[in-house]
Amino acid sequence: MSSKEQSAVHDHDDDSVVVVIGSGAGGGTLAHELVTKGVKVVLLEAGPYLKNEDYHQDEWAAFNQMAWLDPRTTSGSWRVARDFPNLPAWIVKAVGGTTTHWSGATPRFKAHEFKARSTYGRIDGANLLDWPISLDDLAPYYDRAEKKMGSTHRHGRPALPANNNYKVFANGAQRLGYRQYATGPYATNAEPYDGRPASIQDGFNFQGDKNKSKWSTMVSEIPKSLRTGLLDLRPDSHAVQVTHTAAGKVDGVIYIDSEGNPQRQKARIVAVAGNSIETPRLLMLSASPLFPDGLANSSGQLGRNYMRHTTGSVYAKFDRPVNMHRGETMAGLIADESRHDPDRGFCGGYYMETIALGPAFLASFVEPGGWGPEFTALLDDYLNTAGMWITGEDMPQESNRITLNSTVTDRLGLPVPNVHFDDHANDLAMRSHGYQQGSLLFEAVGARSTHHTPPYPSTHNLGTARMSERAEDGVVNQFGQAHDVSNLFISDGSQFTTGAAANPTLTIVALAIRQAEYIVEQMAQAKL
Amino acid sequence: MVFPAKYSSLNALELSDEARRILTRIIRVSFPHAQFPDGPYERMTEKIIEASAESSWFRMALTQGLMTLDTLSEEHFLELPDDRALAVLKRVADLEFFAFIRRTVVLNLYDDPEVQQALGYEGESFSKGGYINRGFNDLDWLPEPRIEESGEPIQDQGPLPYAVTAYAPETSSKPVDNVLGDSGIIEEGSTR
């Protein structure tokens, strides 16, 4: 074992390697788990290798540096299609994937959220299904994920202190009668942990975190993996096709390298973790005479059931200063509304979490399309503004889906993904409830006015290659293994059967740890 | 509509001084902030002219839009008070030239250092050691809240066993009905 963080070099014709596509929460974790068990991995990352010192504490500069800006199109009645027609999702194209942009909230799924169909019953227009695993199956992996990520309030990790935005949020919660509020669980160090320093409350969680206090695969799993000497990390390597043998096993990946040249890496196993838009797109681009509707798509569910969580923000104005931009952006959660309680008029639940944007992003997202005095009033008194975000379970719908748009091509000449989304009535009822509770909360601590901000481009992209017990209901089994192709795995949020209320990163990491164990076991038994 | 060939003035590459003044006035009226100095607004005028140079379509739309604004009121646009100027702009809000101005201003005005300073935003903080010793928790008009979890189990399903102030839907509680639809509560995108 070398102590140097240097990429191994595996031969392009080495068919003993596992190729992992995407270096975020799913792919970065899977690669790390595999190399620590002695498996050789080639990790393909479409974006550049940005490190902490490269990140900008400037919202637009950071966005232009990190965001996935390859062309995409949108359709459907969701407001993002009107306001941001070419930016359906706000995710990252760089080593570490969207773990470099996420803010850090790590709630677990609840037991009944793995049984959404049984618990909620039949809901018109929703393609609900129970997961093939339970909370008990995942609980030990949640423990390991929380330790890996250093979640506060868990396994002895101390809580982060209250920042100004949290003081407003928590006092409002308490006055409404909520009891389940805290500054976490949140995967950012309150004290030094795992070789990384304590938070200096510098804000800019969405911009990569220069201080390394926030967990990401870029600061944790990637460097640890490089030190094993078994990880061949290839940044600027954009996978465009997964190839297969005549017998229907995958045998390699074609990608475009940093010079723009096509390369082929042979593989024993391929794991796809490109986030829930690129993952189904890649499998669709890999269609062949043997798999005419896309690789691993005999169910017809590939690309369908796209979920994005029911979200929305509430920004409130006070008479006195808040300075929401100072400190950890999302270190504040309220869990009282995360329950399933149909008396509220909808199924499933949602979390309320602190959020803060700088003036540049607030202007673009607080009320897209807005102008005039009503709009500028939302920016005035910036100092006296507090913010919260709601994130809750949305309904999987077959018609919410990723397809290839063959009329628009990207710089590689490939059809871009189209993201179609319509809100379900349940999503709308939940969002309205969240907006009302958010307004009540801020009014309880003296808000002069509150504004209901529509959902941002999606950060929680889920469900487009979902897990199912039966091959006809989904794309992968309980280990993320394709029903149709035994040596093909899906390792990101695409495999979520339903979305639950919780921020998804912790669950993606837990599933990747479990998947790695299964892969190693199957390899040892020569089944893979 | 744009008539590039018929009216040669519309093909002008440079805006007249008056057209610039009209543009600055549009930006001021569309994005009024009493506490902002003139500098950022003037820079937005330059930014829009600069951005329009990159597209013949935007340049033509902008030139014509600025020239025709006067036809929408009896007096000269530059002489209208704020409220009447705003009313004129509301009539052109759906036109491409105005959408172009609006987009460009939203993307750039609030990124301007002078604007951020006027709003009290402190920007980059890493080089100053973050806010750990510079006021991340200096809010003193509310009590110090608990930061630990409550220790009570979180209710997974059904109504809470304790009272919470809540918006109460008055109509049926059928799970998938949009029970909030007709109740007169504020909708997304509104302020109360």
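What share of the contacts in chain B with a separation of 6 or more comes from residues 24 or more positions apart? The share is 61%, with two residues in contact if their C-beta atoms, placed from the backbone, lie within 7 Å. The model is predicted: local features need pLDDT of at least 70, side-chain atom pairs count only at pLDDT 80 or more, and totals for chains, interfaces and linings use all residues. Residues are numbered from 1 along each chain as its sequence is written, while chains are lettered from A and ligands numbered from 1 in the order in which they are written.

Chain B has 6 helices and 0 strands. Helices (H or I, at least four residues) and strands (E, at least two) are DSSP runs, numbered from the N terminus. The pattern along the sequence of chain B is α-α-α-α-α-α. Of its 192 residues, 29% are buried, that is, 20 or more other C-beta atoms, placed from the backbone, lie within 10 Å of their own.

Chain A contains an open, antiparallel sheet of 6 strands, ordered β4-β11-β12-β13-β10-β16. Strands count as paired if DSSP finds at least two bridges between them. At the edges of the sheet are β4 (181-182) and β16 (449-453) of chain A, each pairing on one side only. Strand β10 (residues 310-317) of chain A joins β16(A) through 5 antiparallel bridges. There, A:Ala316 stands opposite A:Thr450.

Helix α11 (residues 425-444) of chain A packs on this sheet and touches β10, β12, β13 and β16 of chain A. Its direction makes about 20 degrees with that of β10(A). Axes are lines fitted to C-alpha atoms, for helices over the stretch in contact, and angles run from 0 to 180 degrees between N-to-C directions. Helix α6 (residues 164-176) of chain A lies across β4, β11, β12 and β13 of chain A, at about 65 degrees to β13(A).

Notes. A residue is buried if 20 or more other C-beta atoms lie within 10 Å of its own, exposed if 12 or fewer, and partly exposed in between; C-beta atoms are placed from the backbone.
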